[in-house]
Amino acid sequence: MGGLNLTENIALIALAAALLPLFSFVFILLSKKGGGANFALASVSLSLVLSLYLFSQLWNTAPVHQQFSWFLIGTVQFYAGVLLNNLSVLMMVMVSGISVLVHIYSREYMKNDPNISRYWAYLGLFCFSMLGLTISDSLLLIYIFWELVGFSSYLLIGFWYSKHTASQAAKKAFIMNRIGDLGFLTGILIIYTQFQTLDLHSLFGDGGLIGTSSIDGDLWISGSQQMPVIWLSIAGFAFFLGAMAKSAQFPLHTWLPDAMEGPTSVSSLIHAATMVAAGVFLIARIYPVFDPLILDLMVWIGAFTAFMAASIALTQNDIKRILAYSTISQLGFMVMAIGIGAYSESIFHLTTHAFFKCLLFLAAGSVIHQLHHYCEKNGHDFDCQDIRLMGGLRKRMPFAFWGMCIASAALVGLPLTSGFLSKDSILIRAFEWGAAREGVFVVLPWVMVLTSWLTAFYIFRLIFKVFLGESREIKMDRLVQINDSPAQMTSVLVILSFFCTFIVFDSNPVSFESSWLWNGFQISMIKEISIFHWLIPLILNFGSIVLIFVAYRIYVRDKGSNKMEVSWLYHVSNREWYFNEIYNFMFIRSVEKLSLLTYRFDRTVIDGLVLSVAALTKIISSIADWFDRNIIDGLVNSAGSLSRYIGRFFRNFQSGRLQNYLTTMLLLMLSFFILSYLI
Amino acid sequence: MIPIAHFMLISACLFCTGLYAVLTRRNAIQVLIGIEFMINAAVLNFVAFGRYDKISGGGQMFALFAIVLAAAGVAVALAIILNVYKYFKSIDPTKTNTLKD
């Protein structure tokens, strides 16, 4: 009995943790006072406390599944409830933890915004959707929260909606995500058709329906249901499409760099903990549904995305855009890792990435924030996000500089950082997987290594340009006016820096196998090859350090020579592989052309038809009108005028004049005589 | 001897002249004169046909009667014209058109 109560309590606590930010959202929207910073922070902090409690209770124990009957359609009962396993409690802590830090940071960062209470409300909604997504126990519920995440990100990206680019970016993010949502929905429908349930536990749990369904020849059989085996692949692809949109994988990645139009704190939240993680989370949650075909597709899409995004990040000049492409690249790593079956490595990287990417964004935000202050104070106007205009900020903003350095080291995967453990684990797995496969698959690990090296180059290019060298836009003597951000912001940077080190995740700085987090998800199914475990990190780090040194030579010693800017490779990278142009050409233009065509069709054929019918009617009616006026009316009128003429004629005889009467008489008599004479 | 046709021709001319005067004159007196012409045309015929009458003098008798009656008629007609003039302040027959509908 006691056990049952515990289960119930835990489900209620999880529910409370998810609902607190929603409560804050509603409360802040309804309150007239404005503000709401304290309330939002309090509710999300409480969420974090509850999540930590759940984490301590449930980590590495049996999953807790609590559900109640939701509604009935026909004879089919739908359930809603809470499913807590290692994955969801980890995500809960991550989401609420990052959210708390972003909330603290935003108090300072967004201080002077006139619509600040709306900001807090949206953040609450965002956290609620994400927490709800992590604890939901059925695909239908996940879908609902999935949509809510998309919607609240739309609100936040377009927070400064009076800015045209921001509202455009919000729309782009929303539309791109809708494409993915369509996939997700398709997947749900296929799963429901096959299994008549959407419950995660009974579908994907131990001995779940997916596991027990079998493939017999061309048929995919589950119980009495069966359908062609292709539908399994389609379902997998559909779910993957959903994840692709949320996690910004090629070809649905273009919304993410544009989403940088929102406030930096929001970018940090979207990139680190919530939105983009949702895609990887979904793949992890429903992992058994993917068949080998789709897993291979994931590998290629992930690897391609990672490489492409890294190559684009090399030449971008907007500080946030570089970080955005870095996120896409890292998500590519995660998706590829799941594709090769390195499930735990992927989740591990998702978690470490959340912290160091959050730190990168918040440090960048700190730089932008201080430069904005400088601009406002001195009436100096320049693009505060353009790294070409920055430089020499190291001495003035040590917290931001060191925070950025630690996070970058983690992103590159230098030793002693969390990234070293998670990223290298993915690469080791990739090599082990490649060794077991043949043909083109052998190339794949090397692509990832190359991507990893590119990462080292672009992120240190950013650091060198922003913090080292000499200031390019602001005069050296004015530079003293710039200081590190206020304590609320720097304290967040310090906390996050701590989470970027190996200590939080592992006791041993060089071996991911001893990490508690990695061990929490032991379902890797790749044959281990021990030589890779020391060789790969060595190659990686050696290459990275060489490239960092090269970056140092180019951007600090040689003051960033522009020799590269003439090559076509530079242009391809700088223009983001022309994806926006291609999409513009392929989809927007063609849709525009199609609509122009239909418009013309409408104007000429449909309108023409209508108009010609109208003209015809007009002609017929004018004929009828003419007929009516001249023939019908003519008959009536001529009858009338005939009688009038006759009347007038006879009236003449009644003139009242005697002589006329006599004349008449005479004429009548004469005619009588003439007639009688003639006859 | 003068042939009868000449008499008839003259009387026809007289009659027509009278008739024309009756139909066209714009003065009631002149209309009356036209009537007298027509009566005299008839009287002339009586006298001319009386020449061929077996009972001699019949035509002349009728002519005398007719002249007397015509004189009486003229008296009555003049009285009427006088009254018309009193009533309409005109003896133009075209102005006395109150007979019309």
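Colleague: In the hairpin of β4(A) and β5(A), which residue takes a positive phi?
Modeller: That's Gly223(A), with phi near 60 degrees, and the hairpin has 2 residues between its strands. Strands here are DSSP E runs of at least two residues, helices are H or I runs of at least four, and both are numbered from the N terminus.

Colleague: Before we go on, what am I looking at?
Modeller: It's a predicted model, in which local features need pLDDT of at least 70 and side-chain atom pairs count only at pLDDT 80 or more, while totals for chains, interfaces and linings use all residues. Residues are numbered from 1 along each chain as its sequence is written, with chains lettered from A and ligands numbered from 1 in the order in which they are written.

Colleague: Fine. How many bridges pair β4(A) with β5(A)?
Modeller: Strands count as paired if DSSP finds at least two bridges between them. β4(A), residues 219-222, is joined to β5(A) by 4 bridges, in the antiparallel sense. Ser222(A) has Gln225(A) as its bridge partner in β5(A), and Trp220(A) has Met227(A).

Colleague: Which strands are at the edges of that sheet?
Modeller: β3 (214-216) and β5 (225-228) of chain A, each pairing on one side only. The open sheet has 3 strands in the order β3-β4-β5 (chain A), with antiparallel pairing. Ignoring direction, neighbouring strands are turned by 30 degrees against each other on average. As a general idea for reading the faces, side chains in a regular strand alternate between the two faces of the sheet.

Colleague: Which residue other than glycine has a positive phi?
Modeller: The general idea is that most residues other than glycine have a negative phi, and most peptide bonds are trans. Ala248(A) has a positive phi, near 50 degrees. You'll find Ala248(A) in the loop between α9 and α10 of chain A. The loop between α9 (230-246) and α10 (255-258) also holds Pro251(A). The peptide bond from Phe250(A) to Pro251(A) is cis, with omega near 5 degrees.

Colleague: Which residues of α5(A) and α6(A) meet?
Modeller: Contact means C-beta atoms, placed from the backbone, within 7 Å. Among them are Trp146(A) and Tyr154(A) from α5(A), and Phe174(A) and Phe184(A) from α6(A). By class, this contact has 15 nonpolar, 3 polar and 2 charged residues (Ala, Val, Leu, Ile, Met, Phe, Trp, Tyr, Cys and Pro are nonpolar; Asp, Glu, Lys and Arg charged; the others, Gly among them, polar).

Colleague: And how do α15(A) and α19(A) pack?
Modeller: α15(A) (residues 343-378) and α19(A) (residues 487-499) pack at about 155 degrees, with axes 9 Å apart. They are therefore roughly antiparallel. α15(A) passes α19(A) in a left-handed crossing, meaning that the near helix is turned anticlockwise from the far one by less than a right angle (clockwise would be right-handed). The contact includes Phe355(A) and Leu362(A) of α15(A), and Val492(A) and Leu496(A) of α19(A). It has 10 nonpolar, 2 polar and no charged residues.

Colleague: Why is chain A described as more spread out than a compact globule?
Modeller: Chain A has 24 helices and 5 strands. Its radius of gyration is 38 Å, well over the 26 Å that the globule rule gives for 679 residues, so chain A counts as more spread out (the radius is taken over C-alpha atoms, and the rule is 2.2 Å times the number of residues to the power 0.38). Along its principal axes the C-alpha trace spans about 155 × 75 × 60 Å.

Colleague: How many helices has chain B?
Modeller: Chain B has 3 helices and 0 strands. Its radius of gyration is 17 Å, well over the 13 Å from the globule rule for 101 residues, so chain B is also more spread out than a compact globule.

Methods:
Axes are lines fitted to C-alpha atoms, for helices over the stretch in contact, and angles run from 0 to 180 degrees between N-to-C directions. Angles under 35 degrees count as roughly parallel, over 145 as roughly antiparallel, 65 to 115 as roughly perpendicular and the rest as oblique. Two residues are in contact if their C-beta atoms, placed from the backbone, lie within 7 Å.
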